[in-house]
Amino acid sequence: MEQNKYLGVGLGFVAGYVDTVGFVSLFGLFTAHVTGNFVLIGSELAHPSHGVLIKFLAFPAFVAAVALTRLLVIRLQEKNKKTLNPVLGMQIAFLLAFMVLGWIAQPIQAADTWAALSAGIAGAAAMGVQNAASRLVFTDIAPTTVMTGNVTQLVIDLLDYMRADSAGAIGQRINKFLWPVLAFGSGAIGGAFACMYWQFWSLLLPIVILVGFMLGTVSSPSTK
């Protein structure tokens, strides 16, 4: 249970951090979820400015990464192999590409250069992997990339908890959803400040966190 709690906190932090780095560095690109990009695409089409292409390309990159993650998990499950570390490894590879391509693209003065577009695609793919993994691998923790549902559930559970309605079960659910929300918010703040000082090299932190989870699960026979 504790390991799952730390995994939820770590992945929530990574999602908020990477999403903010992408937003700050790549003209408002959301890498962790596609909903925001749909809104931004609509805004760009209604009032053209810059940066619409990178948001268009992020969607197929996100979808392709979800599909690739699903295929990887199926293949590993067919061979009775653990899925967590290979999936984390794939996300790390995309984050490394995001970091390196972003560094190559600097100084980013337009979002339609090949390096900036490639960086955005890699970032969206990295978070597509995490989104897919939340449904395929991390099924016992709260979602870590999109906080709308988590916050909604938290508000409902907090009100029910105050009414003392099955407080034990509700308390466990509050604990499950609260920490990823707080971690995502902390990651967003941390990502914004880190990006100001270190630009794309700031992505080293979420990469180190994911590597830490990989190393920490090697000796755990119960890990998926």
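Me: Let us take helices as DSSP runs (H or I, at least four residues), numbered from the N terminus. At what angle do helix 2 and helix 3 pack?

Reply: Helix 2 (residues 35–46) and helix 3 (residues 52–78) pack at about 145 degrees, and their axes are 9 Å apart. The axes are lines fitted to C-alpha atoms over the stretch in contact, with angles from 0 to 180 degrees between N-to-C directions. This is a predicted model, in which local features need pLDDT of at least 70 and side-chain atom pairs count only at pLDDT 80 or more, while totals for chains, interfaces and linings use all residues. Residues are numbered from 1 along each chain as its sequence is written, and side-chain values use heavy atoms, leaving out hydrogens and water.

Me: Left-handed or right-handed, the crossing of helix 2 and helix 3?

Reply: The crossing is left-handed, meaning that the near helix is turned anticlockwise from the far one by less than a right angle.

Me: Which residues make that contact?

Reply: Helix 2 contributes Asn37, Phe38, Leu40, Ile41, Glu44 and Leu45, and helix 3 contributes Val52, Lys55, Phe56, Ala58 and Phe59. Contact here means heavy atoms within 4.5 Å.

Me: How many of them are nonpolar?

Reply: Eight are nonpolar, one is polar and two are charged. Ala, Val, Leu, Ile, Met, Phe, Trp, Tyr, Cys and Pro count as nonpolar, Asp, Glu, Lys and Arg as charged, and the others, Gly among them, as polar.

Me: Next, Asn131. Buried or exposed?

Reply: Asn131, in helix 5 (residues 114–136), is buried, at a relative accessible area of 15%. Buried means under 20% relative accessible area, exposed over 50% and partly exposed in between, with a 1.4 Å probe and protein chains only.

Me: Which residues does Asn131 touch?

Reply: Setting aside neighbours within four places in sequence, Asn131 is in contact with Ala32, Phe62, Thr145 and Val146. A polar atom of the Asn131 side chain lies 2.7 Å from the backbone oxygen of Ala32.

Me: How many salt bridges does the structure hold?

Reply: There are two, where a salt bridge is a side-chain nitrogen of Lys or Arg within 4 Å of a carboxyl oxygen of Asp or Glu. One joins the side chains of Asp157 and Arg173 at 2.8 Å, N to O. This pair links distant parts of the chain, with Asp157 in helix 6 (residues 148–162) and Arg173 in helix 7 (residues 167–198), 16 residues apart.

Me: Why does Asp157 count as buried?

Reply: Asp157 counts as buried because its relative accessible area is 0%.

Me: Now the backbone. Where is there a cis peptide bond?

Reply: A cis bond joins Gln106 and Pro107, with omega about -5 degrees. Pro107 belongs to the loop between helix 4 (84–105) and helix 5.

Me: What is the phi of Phe27?

Reply: Phe27, although not a glycine, has a positive phi of about 55 degrees. It sits in the loop between helix 1 (2–25) and helix 2 and is partly exposed, at 24%.

Me: And the phi of Gln199, what is that?

Reply: Phi of Gln199 is also positive, near 50 degrees. Gln199 lies in the loop between helix 7 and helix 8 (204–217) and is partly exposed, at 34%.

Me: Finally, how far apart are Met196 and Val21?

Reply: They are 175 residues apart in sequence and 9.1 Å apart in space, C-alpha to C-alpha. Met196 lies in helix 7 and counts as exposed, at 55% relative accessibility.

Notes:
Helix = DSSP H or I, 4+ residues; strand = E, 2+ residues; numbered from the N terminus. Polar contact = N/O pair within 3.5 Å; in protein donor to acceptor, adjacent residues only side chain to side chain.
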